[in-house]
Amino acid sequence: MEGRNLKIDTQCYHCGDGISGRPVQFDDRNFCCEGCKTVYSILNKSDLCEYYHINNHPGISQKKRYRKDKFAFLDLVEVQQKLVQYSDAEQVHVTFYLPQMHCSSCLWLLENINKLNKGILSSTVNFNKKEVFIIYHPKSTSLRKVVESLSDISYEPHISLDDLDRKKAITPNRSRLYKIGVAGFCFSNVMMLSVPEYVLGAGELEKDIALVFNVLKVSLAIPILFYSASEFFISAWQGLKHKYLNIDAPIALALIVTFGRSLYELFSGTGEGYLDSMSGIVFFMLLGRWLQDRTQQAVSFDRDFKSFFPIAVNVLKDGNSVPTTVDKIREDDLIQIHSQEIIPVDGILSKGNALIDYSFVSGESVPVLVSKGEIVYAGGKQTGAKIELLVVKEVSQSYLTNLWNKETDTTEKETTVIDTISTYFTYVVFLIGIIAGAYWYMHDEIGLMWNAWTTILIVACPCALLLSSNFTNGNILRILSLNKFYLRSPHIIEKMSNISHVVFDKTGTLTQRRRCKITYEGQILSIKEHNQIAAILSQYSHPSTDAILEYLECRPDFDVKDFKLIEGKGVEAWVDEHYFKIGSADFLGLKNHTIKDSQVVVAIDGDIKGVFHISNVYRFGIFELIQKMKNSFQLSVISGDNDSEGAVLKEYFEKDDLLFYQKPDDKLRYIQHLQTNKHANVMMIGDGLNDAGALRQSDIGIAITDSDNNFTPASDGIIDAQRISNLDKFMTFARDGRKIIGVSFFVSILYNIVGLYFAVQGILSPLIAAILMPSSSISIILITYGMSEWMAKYRGLSNFKMKE
């Protein structure tokens, strides 16, 4: 690396960023910018500097501060009504999502936010969800001032159009927990009431006491059957209506037969019934399903473009700037878009210089220069100064909305191996029951015929199969979530084991979205020339210049004169009586050159000094991952970006498997081509709105998210960007799940064989059933938990909560 010998000499007290040159000083402390100093002064004034003592440099860089009127839309009554969860004359309740929250210092500061804004009565932090629940007094402060107080200290809430469409806070569905509680209580008491008969033997209790015990057992079993087990009956009925026999159907039948047989035995005095076994099975099955679902509750998989759009923009009316919610913007309105803001509608550029970042929509990593009179599409981000747009399509009709709502073929009904096995299992059980019943009928043993048929249905219930699936998948989901890989449902685990083709997006998936690799080629630049170049480039904001400034690592100390920006080409200026020209090769008059668009040429006083090469930074471990996955899967890269990275990727992918300049529709059609023509089971991994259709069309769609990116498209799974290098381990672990289910199913079959041995003879006693069925359930739980934990350790996955 030539011409680069500057060193970082200190760190910012607030955010920890490196400082070169003269730091911003305040209160005998060094800061990297005025923004960080401002945050420190606010906290210092409110006696909240304990924030800096809990963790070193806990803050977030404040080089870019929010503009003064950014949150004016929060004064609109219609916005307040949809964001606020509860309000009266004395208090208002509201919850904000804060993606910046990352450590214990954040938690402490946010729970003491009332010292900054006296109108805030209390604040409660949900660290796992990165949310803060705030109660404030409406006469002492306002929703806008609360948000501004949070933004002043680096915690600007993420407020999107999706928040406007969301109704009041949804109470978590706790019905299954209530059902588990009822089933657990009734199960334990039914077992307790059954113990005397097991110890003394049938018919040994006094009739009056036995009658009381029987009535109590039935009373406790009724809520289990009709309340706790209701979801099994509902699911079975839904399947039968669609002429489909799922695993809940034989379970529901077994529960009905068990309850009916028990009622008959208890009140006819012919036996003790099987209510204890029925209660225990319902309790364990519900527990398994709860474990399976609990890891998914904190992750949102069904996201759309509204989560990406701002909640409001400024509309120009009669020369005034009026904050207006996005859903009320109409055709022919004139709107303002500020730097780094998302454009929510399609519009024609009427004023200003537009440099639009479409990377999240099209995948193109280089910002697009838009001239006055040209169309700017929704979903792009303005990276330059403030612009004005004439709206040509409302948000509901925009290009981005149409892209999101693109039809995909996802109507195929999902069936799992468990459902398939249960169908054949049910037929086999019925066949055994018919054969046993027919045998005893031909021997004139009508009593034994009904006894054998009903006890076969009871003991051969596929409950253990369901338990093995629920507990295995539940624990796998838990372990994957601890490794920051979140799946929508347990069915995805099974589908993952069938994947044959993996398709990667490039920009933001293989590469880091907000980082570039800079190398310099040419004459050695002096420290003085470094600072002069930095002084010029700091005059305007562009992704390329920002990356070069970060590479130079110096604070500009020179005055810039006669600065001139030629959009899309470069800049020229005078610094310390030297003429600088920085930009593209064409701008500097180079002919017959081989310099690409991703390179910036520097000339001083007409002398070409050198070239800054700008290239993508690939995620850590991504090439090692590709090498390992090539042995098991067909791999492809499909990107909306140009082919500047083609030479790098050709070393790891076949030429025909690299597709560039692909529009969203092209990506979707490519997935359909793999599924239809090559009969492949496809997993697509992407991060942008341009990947939305392809993700939904894929057999499995995985969205990758950076820690600072609070939006991901709708998907079957979400993976943290820092864990993408473990994808091969995750997929192998998912395949291990099928093996674990197979082992536990084999164990359950052994229990069924023992039970059926007694059942076909018509001699299955309630005591044997009470031992076999809970033993089977507990064995399955221990096997699935133990094997999944061992497999996780063997695959190198963490099975404990990891520190952030």
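Mentor: Let us start with Ser-194, which touches Lys-217 and Asp-276 when residues up to four places away in sequence are not counted, contact meaning heavy atoms within 4.5 Å. Keep in mind that this is a predicted model, in which local features need pLDDT of at least 70 and side-chain atom pairs count only at pLDDT 80 or more, while totals for chains, interfaces and linings use all residues. Residues are numbered from 1 along each chain as its sequence is written, and side-chain values use heavy atoms, with hydrogens and water left out.

Trainee: Where does Ser-194 lie, and what does its side chain reach?

Mentor: Ser-194 lies in helix α7, residues 175-200, where helices (H or I, at least four residues) and strands (E, at least two) are DSSP runs numbered from the N terminus. The side chain of Ser-194 reaches the backbone oxygen of Val-190 at 2.8 Å.

Trainee: Is Ser-194 buried or exposed?

Mentor: Ser-194 is buried, its relative accessible area being 4%; buried means under 20% relative accessible area, exposed over 50%, and partly exposed in between, with a 1.4 Å probe and protein chains only.

Trainee: New topic, the largest nonpolar core: which residues touch the most other members?

Mentor: That core has 45 residues, and the ones touching the most other members are Leu-43, Leu-74, Phe-96, Ile-134, Tyr-136 and Tyr-155. A nonpolar core here is a set of buried Ala, Val, Leu, Ile, Met, Phe, Trp, Tyr and Cys residues joined through side-chain atoms within 4.5 Å. Elements that each supply at least two residues of the core include α1 (34-45), β6 (92-97) and β8 (131-136).

Trainee: What is Leu-43 in contact with?

Mentor: Leaving aside neighbours within four places in sequence, Leu-43 is in contact with residues including Leu-48, Tyr-52, Leu-109 and Ile-153. There is also a second, separate core of 44 residues, with Ile-493, Ile-685, Ala-721 and Phe-730 among them.

Trainee: And the salt bridges, how many does a search of the whole structure find?

Mentor: The search finds 13 salt bridges, each being a side-chain nitrogen of Lys or Arg within 4 Å of a carboxyl oxygen of Asp or Glu. One of them joins Asp-75 and Arg-144 at 2.9 Å, N to O, and this pair links distant parts of the chain, with Asp-75 in the loop between α2 and α3 and Arg-144 in helix α5, 69 residues apart. Asp-75 counts as partly exposed at 42% relative accessibility, whereas Arg-144 counts as buried at 19%. Asp-75, Arg-144 and Glu-148 are linked in a network of salt bridges.

Trainee: What about Asp-736 and Arg-795, where do they lie?

Mentor: Their side chains meet in a salt bridge at 2.8 Å, N to O. Asp-736 lies in helix α24 (727-759) and Arg-795 in the segment after α25 (766-794), so the pair ties together parts that are 59 residues apart in sequence. Asp-736 is buried at 1% relative accessible area, and Arg-795 is partly exposed at 24%.

Trainee: Last one: which residue forms a salt bridge with Asp-27?

Mentor: Arg-29 does, with the closest N and O atoms 3.3 Å apart. Asp-27 is found in the loop between β3 (24-26) and β4 (29-31), and has a positive phi of about 55 degrees although it is not a glycine. Asp-28, in the loop between β3 and β4, has a positive phi of about 60 degrees and is exposed at 82% relative accessible area.

Definitions and conventions
Polar contact = N/O pair within 3.5 Å; in protein donor to acceptor, adjacent residues only side chain to side chain.
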